[in-house]
Amino acid sequence: MLPLWADLLLLAAAVLAALRAARLERRVRDLSSRLQAREREGHFMGESPDPAQILGHAYRAACEILPLTTFDLYRVDPSQRISEVWTLAGDAGAERRPTRAPKHPYLGELIDARALLQFAATETERSFAPMELLPGAPPKQRLHLPLYSGDVLVAYLTMGSTEPIDERRKSEIRGLLAPLTASLHASRNWEIAVTDELSGLSARRYFETRLSEEWSRHRRYRSPVSVALFDLDHFKAINDSLGHAAGDLAIRRFGEILKAAVRSSDLPCRYGGEEFGVLFPETSARSALAVAERVRRALEREPFSSEGRTFRVTVSAGIADTTDLEEDERHQLLFRADQALYAAKDEGRNRVRQWTERRRAPRPKRGPLPRVPERP
């Protein structure tokens, strides 16, 4: 029979072992729960090509790992330039989300591949991984993470935390980066596929697909949808007198102006030739008209020069929304915007007009907007 002190010692050891086992089991459950959430987020990241949704899922998953203070992502295009910058919006402590910074000073900057390699480790001849996430790296409160898909640099992510990032957290971040990188790479490839190369805007087919989706949302929730159609004035004269290089310059610059003027939720596209369209979800015609007028004024002020010859370009636009349209009249939305565009042309060009009831009847000299083949 053991003495009392030995029984007490064994009992204390058993209690400590039980507490240690309980803590370990709780940690395993917590880790399992986080990894399952991470897996769900990773699955969701792959479902949408929209960078805002991809980064929203990734940020929420990262917040399960770290008390984040910084989550900045620099998307890189195929020419190795920074094409988009996303940073955290909102005050610390409140609900925050990654938001695109359209005027960030790094936009358009060429990535220095050699400088970036100091943050990357080579796994194979054509595969790189963030060096700061490799086992054995010292804990830090800020991570510099180049995101490679094979040897293709997709983006660059910086994460800051109020606490040191230990091995356990690094392991979880490595698990998060794989679906994030794959989703961003797929998003870039998808954008290339649906983008008009010359203007940098969406292609017509994608515009029509999105219009169908927004029409369905309008039917369900009765939220307004507006469309703007733009047509560069006297564009044939520019091509004939100054050459196609001048016409391409005008299309390229107008695409930049249009993209800068609309929200990230709006969809600008090159509709064909010198014609462009913008889809405005949850927007009235009056609000869309204000945007179109800003675009018109911006282009009117823009100086152009091609092969030493200066010229000016103006644009006409027509606006319509879903007001008074029946559920089966989706085609009328584009038709009405088209009629308003013709009115702007008839009234002297370089102006914006909204469809009204008096413009319901089509003009005999022109029909609905023709299906012009997309210009390469």
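Hi everyone, let's start with contacts. If you take the contacts in the protein chain between residues at least 6 apart in sequence, 64% of them join residues at least 24 apart. What you're looking at is a predicted model, so please keep that in mind.

A few overall values next. The protein chain has 376 residues, and buried ones make up 45% of them. Its accessible surface comes to about 20,500 Å², with 53% belonging to carbon and sulfur atoms. As for secondary structure, there are nine helices and 14 strands.

Now to a sheet I'd like to walk you through. In what order do its five strands run? Going across, we have β9-β10-β8-β13-β14, in an open sheet with mixed pairing. At the edges stand β9, residues 267-272, and β14, residues 352-354; each has a single partner strand, so one side of each is left without a neighbour in the sheet. From one strand to the next, the twist averages 20 degrees.

As a quick reminder, strands of a sheet pair through backbone hydrogen bonds, and they do so either parallel or antiparallel. Here, β9 pairs with β10, residues 275-281, in the antiparallel sense, over five bridges.

Most residues other than glycine have a negative phi. E282 has a positive phi of about 50 degrees, although it is not a glycine. You'll find E282 in the loop between β10 and α8. Is E282 buried or exposed? With a relative accessible area of 56%, E282 counts as exposed, because the cut-off for that is over 50%.

R349 also has a positive phi, near 70 degrees, and is likewise a residue other than glycine. R349 is partly exposed, with a relative accessible area of 31%.

Let me finish at a helix, α2, residues 51-63, where H57 has its place. H57 has a relative accessible area of 15%, so it is buried, the cut-off being under 20%. Its side chain and that of R60 are joined by a polar contact of 2.8 Å.

Note on methods: Residues numbered from 1 in each chain as written. Predicted model: local features only at pLDDT ≥ 70, side-chain atom pairs only at ≥ 80, totals over all residues. Heavy atoms only, no water. Pairing = 2+ DSSP bridges. Helix = DSSP H or I, 4+ residues; strand = E, 2+ residues; numbered from the N terminus. Axes fitted to C-alpha atoms, helices over the stretch in contact; angles between N-to-C directions. Buried < 20%, exposed > 50% of the residue type's maximum accessible area, 1.4 Å probe, protein only. Polar contact = N/O pair within 3.5 Å; in protein donor to acceptor, adjacent residues only side chain to side chain. Contact = heavy atoms within 4.5 Å. Areas by Shrake-Rupley, 256 points an atom, 1.4 Å probe, with all protein chains shown as cover.
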